[in-house]
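Here's a quick tour for anyone meeting this structure for the first time. Have a look at it below, then read on.

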Amino acid sequence: FLMWPSALPLAQLLLRCPSTFQWSTILEVGAGAAGLAAVAATRAARRVVVTDGSREALQLLAGNLEGNGALFLAERVRLRHLAWGDQGHIAELLDEFPGGFDAII
């Protein structure tokens with residue numbers, strides 16, 4: 001399990017100041033275990049789009065959301081495959097979420 005060094009301070013910010021992303025649409029890039037997305041979704045975010053380049057990771061995330069949906073407010077979370085630099089994946093995201101994103105984490 002790998003966590004980016006910035007993940008813990010950002011999660012702490014989200015927990016201490018939930019209004020930071022209140023009613024926001026957040027894009028999490030390279031989610032892995034989706035710790036930050038889960039924190040954002042359970043706080044004030046309107047929508048959290050969780051992405052990863054690994055389809056296996058997305059399958060694990062889907063199972064996690066299914067098993068813990070009430071805890072994570074799963075209705076606010078969308079899982080999407082996004083490979084770094086893949087213009088097709090980027091275009092699909094922008095088509096699906098034409099309003100864009102308020103924050104990228």
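## Two helices side by side

Which residues in α1 meet which residues in α2? On the α1 side you'll find Ala7, Leu10, Ala11, Leu14 and Leu15, and they meet Leu36, Val39 and Ala40 in α2. Sorted by type, the residues of this contact come out as eight nonpolar, no polar and no charged.

Keep in mind that what you're looking at is a predicted model. In it, helix α1 covers residues 7–16 and helix α2 covers residues 35–42. Their axes sit 9 Å apart, and the two helices pack at an angle of about 5°. Angles under 35 degrees count as roughly parallel, so that's the label for α1 and α2.

## The whole chain

Let's zoom out. The chain has five helices and four strands, and if you walk along from the N terminus, the elements run α-β-α-β-α-α-β-α-β. The radius of gyration is 13 Å, close to the 13 Å that the globule rule gives for 105 residues, so the chain is as compact as a globular protein of that length.

As for its extent, the C-alpha trace spans about 35 × 30 × 30 Å along its principal axes. Of the 105 residues, 35% count as buried. And if you take the contacts between residues at least 6 apart in sequence, 58% of them join residues at least 24 apart.

## A closer look at histidine 89

Now for a single residue. Histidine 89 is found in helix α5, which covers residues 87–96. Is histidine 89 buried or exposed? Buried means under 20% relative accessible area, and histidine 89 has 13% relative accessibility, so it counts as buried.

What does histidine 89 touch, once you set aside neighbours within four places in sequence? The contacts are His81, Leu82 and Ala83. With histidine 81 there's also a polar contact between the two side chains, at 3.4 Å.

## A serine in a loop

Our last stop is serine 24, in the loop between α1 and β1 (25–28). Its relative accessible area is 8%, so serine 24 is buried too.

Which residues does serine 24 touch, not counting those up to four places away in sequence? They are Ala45, Arg46, Arg47 and Asp102.

Key. Residues are numbered from 1 along each chain as its sequence is written. This is a predicted model: local features need pLDDT of at least 70, side-chain atom pairs count only at pLDDT 80 or more; totals for chains, interfaces and linings use all residues. Side-chain values use heavy atoms; hydrogens and water are left out. Buried means under 20% relative accessible area, exposed over 50%, partly exposed in between (1.4 Å probe, protein chains only). A polar contact is a pair of N or O atoms within 3.5 Å; within protein, one must be able to donate a hydrogen and the other to accept it, and residues adjacent in sequence count only if both atoms are side-chain atoms. Contact means heavy atoms within 4.5 Å. Axes are lines fitted to C-alpha atoms, for helices over the stretch in contact, and angles run from 0 to 180 degrees between N-to-C directions. Angles under 35 degrees count as roughly parallel, over 145 as roughly antiparallel, 65 to 115 as roughly perpendicular and the rest as oblique. Ala, Val, Leu, Ile, Met, Phe, Trp, Tyr, Cys and Pro count as nonpolar, Asp, Glu, Lys and Arg as charged, and the others, Gly among them, as polar. The radius of gyration is taken over C-alpha atoms; the globule rule is 2.2 Å times the number of residues to the power 0.38.
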